[in-house]
Amino acid sequence: MPLNQTPNRHTHGSNSRTRIFAHAALLCLLAAQAAVTPAQAGQTPARALITTASAVRLRESPDTSAAEVGRLQLGIVVEEVERSAEKSKVGSSEAFWHLVSAPGGVRGWVFGGLVAPFDPARREETYLKLSSERLANTAATFTELSELFRFLDRARKEVKRRDALAELELTRLVALSRSLDALPSGEMEKPPYKGWTTEHEPQIVYSEPSGQWHVRADLFWDLQQKYRDLPLAERIAWQAAQTPLPGECEGYLPCIVDTETLTNGRYLKLYPRGAHAEAALKSISDLLGHVSEDLKRKEPVYEVPREGRAEFRKTLATLREQLSLVPGPKKARLLVQLDAIAQRFR
């Protein structure tokens, strides 16, 4: 046999063994994949969840009697690691339990009735729905309202859509206002209430006569100006008009009328045909009607010192100008009453 044939025979044998080995390896890989697939199919893929309640408890195991390992505030996004095999009933809700990984690395089981799926691509819709539902709870506690405010403070920094941002910023101020209303009388100097008012001191004002804190009305008016091109601006203006002002007029007529120019009158100048125009007109009408009737008495309650009458007439003129664009016969009657009051205090 020629010497040059031996290497060819060796090469042929080597190639055959290589093909056999590769075929065997492929079969092993396919078998391994077949063995893994059924187990993976039974698992719940990892997904993001968001807490939909305040002080959500994380537990060591999927049971309400299990020890707590932590608590999550409203609107915290967590990663689902595992889901219980069966649903459980807690109160009136029936849902799965979810083992989640929370910010900071804490793990625990959370009841499904206290979380919802979270898709970052739809965060605006999720945030709007969650904030609307929480604000609709008229029995919300201070803790719930303060958590709602903190959630909205975070959320407004994440949204890009302008109309969604406007809604969240309005809801944020309303949540702050309601949290102040929920402060228990006589305990405002105690924690956590004192810390809350101190933290938000630039945004709130204390009214001595009522002994209550209020959001500064100018924050709502500024927000209305910021979004004045959006339909939501009308609702923001009405919220501003309904926000209490600090202090008490104590029956002093110039102060009472001035309050109307700063609230309902200001709203009507912006939205003379707005959704809340009737309510604003009624407030002014009730006031002017009451004053007009009082001034017919021999000894009226309302009086304006002579040195303050010129300034008072300017206030009446401001209110008259604010009413100028309001349609309908109600305006005409109010203007007649304003003129009569102005004439009375010349």
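1. Buried means under 20% relative accessible area, exposed means over 50%, and partly exposed covers what lies in between, with a 1.4 Å probe and protein chains only. By that scale Arg-344 is partly exposed at a relative accessible area of 34%, and Glu-303 is partly exposed as well, at 39%.

2. This is a predicted model, in which local features need pLDDT of at least 70 and side-chain atom pairs count only at pLDDT 80 or more, while totals for chains, interfaces and linings use all residues. Residues are numbered from 1 along each chain as its sequence is written, and side-chain values use heavy atoms, with hydrogens and water left out.

3. On confidence, pLDDT (the predictor's confidence in each residue, from 0 to 100) averages 89 over the chain, and 87% of the residues score at least 70. Residues 1–44 stay under 50, and the model has 3 contacts for them beyond four places in sequence, a contact being heavy atoms within 4.5 Å. Where pLDDT is low, the predicted coordinates should not be read in detail.

4. The structure holds 24 salt bridges, each defined as a side-chain nitrogen of Lys or Arg within 4 Å of a carboxyl oxygen of Asp or Glu. One of them joins Arg-344 to Glu-303, at 3.8 Å from N to O. Arg-344 lies in helix α12 (residues 329–344) and Glu-303 in the loop between α10 (277–295) and α11 (309–323), so this pair ties together parts that are 41 residues apart in sequence. Helices here are DSSP runs (H or I, at least four residues), as strands are (E, at least two), and both are numbered from the N terminus.

5. Lys-296 meets Glu-293 at 3.2 Å, N to O; Lys-296 counts as exposed at 64% relative accessibility, whereas Glu-293 counts as partly exposed at 48%. Arg-156 pairs with Asp-153, their closest N and O atoms being 3.0 Å apart, and Arg-156 is partly exposed, with a relative accessible area of 25%. Arg-156 and Asp-153 also belong to a network of salt bridges that links them with Glu-169, Arg-172 and Lys-226.

6. Turning to the rings, the structure holds 10 aromatic pairs, where rings of Phe, Tyr and Trp (its six-membered ring) pair if their centres lie within 6.5 Å, and planes under 30 degrees apart count as stacked, over 60 as edge-to-face and the rest as tilted. Tyr-127 and Phe-151 have ring centres 5.4 Å apart and planes at 85°, so the pair is edge-to-face. Tyr-127 lies in helix α2 (residues 123–135) and Phe-151 in helix α3 (residues 142–155), so the pair ties together parts that are 24 residues apart in sequence. Tyr-127 is buried at 3%, and Phe-151 is buried at 2%.

7. Tyr-267 and Tyr-271 form a tilted aromatic pair, 5.8 Å centre to centre with 40° between the planes. Tyr-267 counts as buried at 0% relative accessibility, and Tyr-271 counts as buried at 18%. Elsewhere, ring pairs link Phe-142, Phe-149, Tyr-193 and Trp-196 into a cluster.

8. Charges over rings deserve a separate point; the criterion is NZ of Lys or CZ of Arg within 6 Å of the ring centre and within 35 degrees of the ring normal. Arg-83 lies over the face of Phe-96, at 3.8 Å from the ring centre. Arg-344, which also forms the salt bridge with Glu-303, lies over the face of Phe-345, at 5.1 Å from the ring centre.
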